[in-house]
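I'm opening my notebook on this one. Here is what I looked up, entry by entry.

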Amino acid sequence: MLWYKGWLETRYRLLFCMGWATVFLGLMRPWRMAAPAPGATASGHGAVYGLVALACPTLLLVACAMIGGSGIVTQPSLQASKGLHGSTLYTLSLPVSRVRLLLVRAGVGWLEIVGVAAVLCTTLWALTPALREAATPREMAEYAVTLIACGSTLYGISVLLATFLDDVWRTWGTMMVSAGLWWMSLHVPVPETVNIFRAMREGSPVLAHTMPWAAMGFSVALGAALLLAATRIVQAREY
């Protein structure tokens with residue numbers, strides 16, 4: 001029942017993310033991007049580089065901010081409210097612990113993020129001739145896995161913020177923290193082994209043709225640590 005309830009409370013956010021991605025990519029018109037010249041470097045891939053290094057990580061960031069942690073405070077989707085949220089009393093009457101509620105909501109959102117990344121990469125590869133010239137289907141699948149793994153940190157941030165912020169502030173807080181980390185990855189000498197944004201950009205399988213295993217492992221571990229911290233917070237709070 002909790003899984004179904006979580007789906008009902010996050011489905012419109014998932015639909016919003018898909019719609020926003022459609023509009024964003026429609027404005028970019030990736031199907032008109034010219035194929036990169038033979039032997040071009042990462043910086044020479046032009047439009048394909050921008051698509052992989054900017055568009056996809058940005059869309060993933062927005063999806064994690066919108067979906068990650070959504071519903072943990074039982075606030076209606078895409079709607080700000082003050083005081084006691086409409087479904088709070090019902091949620092509190094359920095014979096489940098706050099930790100179980102948190103883990104179920106986090107699990108539902110995680111599966112939705114996986115779906116967003118899979119659909120995004122599959123659609124882009126199918127519609128963009130230039131991307132098909134730059135990457136094989138296997139490399140595109142590896143890129144999707146990289147996005148999911150490196151997005152674990154962004155998702156974990158959203159879940160953690162959801163334990164003490166309302167949905168609106170959680171969404172904006174996730175975006176601001178993630179944007180700050182992205183800026184640091186560009187302007188601060190961060191080691192490649194922990195630079196999750198580089199792993200989604202120039203270090204991705206599409207452009208570097210290798211898997212950034214170290215950064216992926218670090219992101220998954222950090223995401224798990226953030227989730228653990230979130231469970232500790234909800235255990236310490238009273239209903």
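Which residues on the other side of helix 7 are exposed? I found Trp-169, Trp-172, Met-176, Leu-186 and His-187 there. (Exposed is over 50% relative accessible area, buried is under 20% and partly exposed is in between, with a 1.4 Å probe and protein chains only; helices are DSSP runs of H or I, at least four residues, numbered from the N terminus.)

Before going on, I noted that this is a predicted model, where local features need pLDDT of at least 70, side-chain atom pairs count only at pLDDT 80 or more, and totals for chains, interfaces and linings use all residues. Residues are numbered from 1 along each chain as its sequence is written, and side-chain values use heavy atoms, leaving out hydrogens and water.

Next I listed the buried residues of helix 7: Asp-167, Arg-170, Thr-171, Gly-173, Thr-174, Ser-178, Trp-182 and Ser-185. They sit on the same side of helix 7, because they cover an arc of only 170° around the axis (taken from the directions from the helix axis to the C-beta atoms).

I then picked out Arg-170, which lies in helix 7. Arg-170 counts as buried because its relative accessibility is 0%. Leaving out residues up to four places away in sequence, Arg-170 touches, among others, Arg-13, Cys-64, Ser-158 and Leu-165 (contact is heavy atoms within 4.5 Å).

Last, I looked at Val-206. Beyond its neighbours within four places in sequence, Val-206 is in contact with Val-52, Leu-131, Ala-134, Ala-135, Glu-139, Met-140 and Tyr-143.

Technical notes. Helix = DSSP H or I, 4+ residues; strand = E, 2+ residues; numbered from the N terminus.
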